[in-house]
Structures are given as C-alpha cells and as structure tokens.
Amino acid sequence: MAFISMVFATVGIFVLICLMIYLGIVIISTITLDSIWLVRKHKKKKTHAVLKVFAVLQSIQFVLFIIIPTVLVIIGCIWYSVERARMPETASEIEGVDWSNAIMVDDVRYIHCHDLFFKVDDISSDPRFTKAALLGGRYVYSLENQTGYDMYAIININESHPYIYVPEDAQDEIIEFYTYEADKAALATRFSMDDPYMDPESGDYTEVEFDDDIMAELIEYSDSREIDGRTDFSDVDDCIGVYLVSEDGIWDSNIRLAVYGDGEAMVVEGVYDGKISGEIIEDGPLKDYVQAFIGSCDHVL
C-alpha cells in the first residue's frame with residue numbers, strides 16, 4: 001500500500017513539474033513572440049506570417065491557462081475572505097472559547113442541546129446573534145434568548161441551521177422552561193390525505209389558543225403508549241396540526257390531532273394508504289380538551 005502511494009505521489013509530482021514547465025514555456029514564448037511582433041511593427045518592419053500565427057496561438061494559451069485561472073483564483077480568494085469576515089464584522093469577539101466535546105466559554109462548559117433548533121435566513125441582520133468568535137471554519141455566536149442563561153449558536157458558513165449550545169448544568173431547566181413557561185405562539189393548520197404533514201414555513205397556519213401544559217401532556221401521552229388506533233381517513237371528522245413556537249424562535253413543538261367515529265380522539269402518528277394511525281386518547285380531561293379545541297377550529301385553514 002505504501003509503495004502504491006509512493007508511485008502515485010511520484011507521478012503527481014512529475015505531472016506537476018511538467019505542468020509548471022509547460023506554463024513557463026507558454027509565458028516566456030508569449031512574451032517573446034509578442035515582443036518581437038510589437039518591436040518589428042514599431043520599426044515598421046515586415047513580420048512573417050508564421051511568427052504571427054505562433055504569437056496568436058501562444059497568446060490564446062496564455063489567456064486560457066494563465067490569465068483566466070489567475071483571475072478566478074483572485075476572485076475566489078476575495079469571496080472567501082469576504083464570506084469569512086462578513087458575519088464577524090458586526091460583532092465583537094467572544095473571549096475564552098475553546099473546543100472539547102463541547103465548548104468552553106469563560107470556564108463554563110456548554111453542550112449541544114438537541115431540543116433547541118431553528119432556521120435563520122440572514123445572521124448579519126438577525127438581532128438574536130450578538131457577539132461572535134471564529135473557530136476554524138465555524139462561527140460561535142452569542143444567542144439572545146428568553147431563559148436568562150447564556151447560549152451560543154455554532155454555524156458553518158452558508159448553513160441555515162445553527163447548533164445551539166447551552167450550559168451543561170442548566171440544560172434540563174432550560175428545556176422545562178421552554179416547555180411550560182416561555183412565551184409562545186400557537187399555530188394550527190388543517191391537514192388532509194393530500195397534505196398530511198405540517199410545514200410551519202408554508203404560511204398556511206392560523207394563530208390559535210392552545211395550552212402549553214396540554215401540549216406537553218399530549219406529547220408525553222403519545223410517547224408512553226404504543227400505536228393502538230387505525231381508521232380510514234374518510235371516517236375522520238377533522239384533523240388539526242398544532243405548532244407551538246417560543247417567542248425567541250429557538251424552541252418549538254408540534255402534534256397532530258384527529259377526532260373520528262363516535263367521539264373518538266387520537267394523537268396522529270401516521271397518515272398513509274388512506275388511513276390514519278396513532279394513539280387513541282382515553283376518556284378524561286385530555287380527550288375533552290382535544291375535542292373542544294378541534295371543535296373551535298372552524299377558522300383554521
């Protein structure tokens with residue numbers, strides 16, 4: 001294996017040397033032939049057609065293999081430097097940032113929180129991103145949020161989904177805050193067999209009232225049970241998708257609900273082959289809330 005690698009390396013070096021020699025010949029011959037042509041023209045002497053042909057051919061090669069690649073490299077370097085500098089120009093440096101399995105900022109360990117996730121279109125104009133530090137090809141941003149804790153967003157150049165890092169010791173408290181206490185907007189959409197999925201960015205959502213605790217209870221309910229209901233979509237009275245998003249846009253939660261048959265209610269997990277499946281909500285306050293909520297959604301698109 002080492003021998004093969006050496007062969008490839010040798011061949012590569014040989015090709016590179018040949019290429020450099022070729023480009024050197026192109027440069028020297030172009031300058032020489034064009035200079036002779038220009039000098040003879042300036043002295044009003046006749047220039048042989050052969051020399052003109054070679055001068056033109058070498059000039060074309062010079063433009064194709066020297067000028068154009070050089071211009072592209074320069075443009076690429078300028079663009080790369082602008083891209084690397086564009087975002088930090090709007091922010092001061094974060095002191096004391098270093099990598100481990102997490103990040104350390106001012107001796108505090110921050111870990112990636114998978115429960116916090118959002119999309120950003122333009123970091124340079126997003127007020128949530130304040131201070132910045134560059135780590136390799138990635139940026140670490142101080143992230144404004146509702147919790148009162150310091151948070152950091154790590155994002156690669158040209159990506160739209162930051163990775164959010166929170167203090168390791170406070171992660172559970174932060175998730176609980178967003179789940180039960182944070183200010184949120186509640187959005188709802190009606191879905192069908194033709195469009196059974198929720199896309200909050202589609203713009204087809206209607207603002208509604210939905211209890212944070214009920215959302216958490218429904219999610220916990222569906223997580224703790226096996227799928228035990230399946231019915232034809234044609235027998236469903238109504239299906240509503242509910243999407244909660246925190247005021248700072250860092251946290252969201254969603255669920256799909258359906259009522260069908262003789263007063264049955266379900267947390268919908270799947271929609272396929274003309275049927276819906278999910279966890280049937282047992283009789284009680286949770287079921288009553290879902291039925292009342294769906295009954296109030298006549299205005300939902």
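Some ground rules come before the tour. Residues are numbered from 1 along each chain as its sequence is written, and because this is a predicted model, local features need pLDDT of at least 70, side-chain atom pairs count only at pLDDT 80 or more, and totals for chains, interfaces and linings use all residues. Side-chain values use heavy atoms, with hydrogens and water left out.

On confidence, pLDDT is the predictor's confidence in each residue, from 0 to 100. The protein averages 80, and 80% of the residues score at least 70. Confidence is highest in α3, at 94, and lowest in strand β1 (residues 97–99), at a mean of 59. Over residues 83–90 the pLDDT is below 50, though this stretch has 17 contacts in the model beyond near neighbours in sequence; contact here means heavy atoms within 4.5 Å.

Now for the sheet. Helices (H or I, at least four residues) and strands (E, at least two) are DSSP runs, numbered from the N terminus, and two strands pair if DSSP finds at least two bridges between them. Seven strands form an open sheet in the order β9-β8-β11-β12-β13-β14-β10, with antiparallel pairing. Its edge strands are β9 (206–208) and β10 (229–232), each pairing on one side only. From one strand to the next, the twist averages 40°. Axes are lines fitted to C-alpha atoms, for helices over the stretch in contact, and angles run from 0 to 180 degrees between N-to-C directions.

Three bridges hold β8 and β9 in antiparallel pairing, with Ala186 opposite Val208 in β9. β8 is then joined to β11 by seven bridges, again antiparallel, and here Thr189 stands opposite Gly241 in β11. Further along, β12 (residues 252–260) and β13 (residues 264–272) pair in the antiparallel sense over four bridges; Tyr260 has Glu264 of β13 as its bridge partner.

Past β13 comes the loop to β14, where you'll find Asp273. Is Asp273 buried or exposed? Asp273 is exposed because its relative accessible area is 68%, and the cut-offs are under 20% for buried, over 50% for exposed and partly exposed in between (1.4 Å probe, protein chains only). Asp273 and Asp232 are 41 residues apart in sequence, but their C-alpha atoms are 8.8 Å apart in space.

Back to α4 (residues 212–223), which lies across β8 (184–190), β11 (236–246), β12, β13 and β14 (275–280), running at about 75° to β12. Ser222 counts as buried because its relative accessibility is 9%. Leaving aside neighbours within four places in sequence, Ser222 is in contact with Val267, Glu269 and Glu279.

Two other helices meet α4. The axes of α4 and α5 (residues 285–295) come within 11 Å and cross at roughly 115°. Ile214, Glu217, Leu218 and Tyr221 of α4 make the contact with Leu286, Tyr289 and Val290 of α5. Those residues divide into six nonpolar, no polar and one charged, where Ala, Val, Leu, Ile, Met, Phe, Trp, Tyr, Cys and Pro count as nonpolar, Asp, Glu, Lys and Arg as charged, and the others, Gly among them, as polar.

Then there is α3 (residues 171–180), whose buried residues are Gln171, Ile174, Ile175, Phe177, Tyr178 and Thr179. They pack against β3 (108–112), β7 (163–167), β8, α4 and β11.
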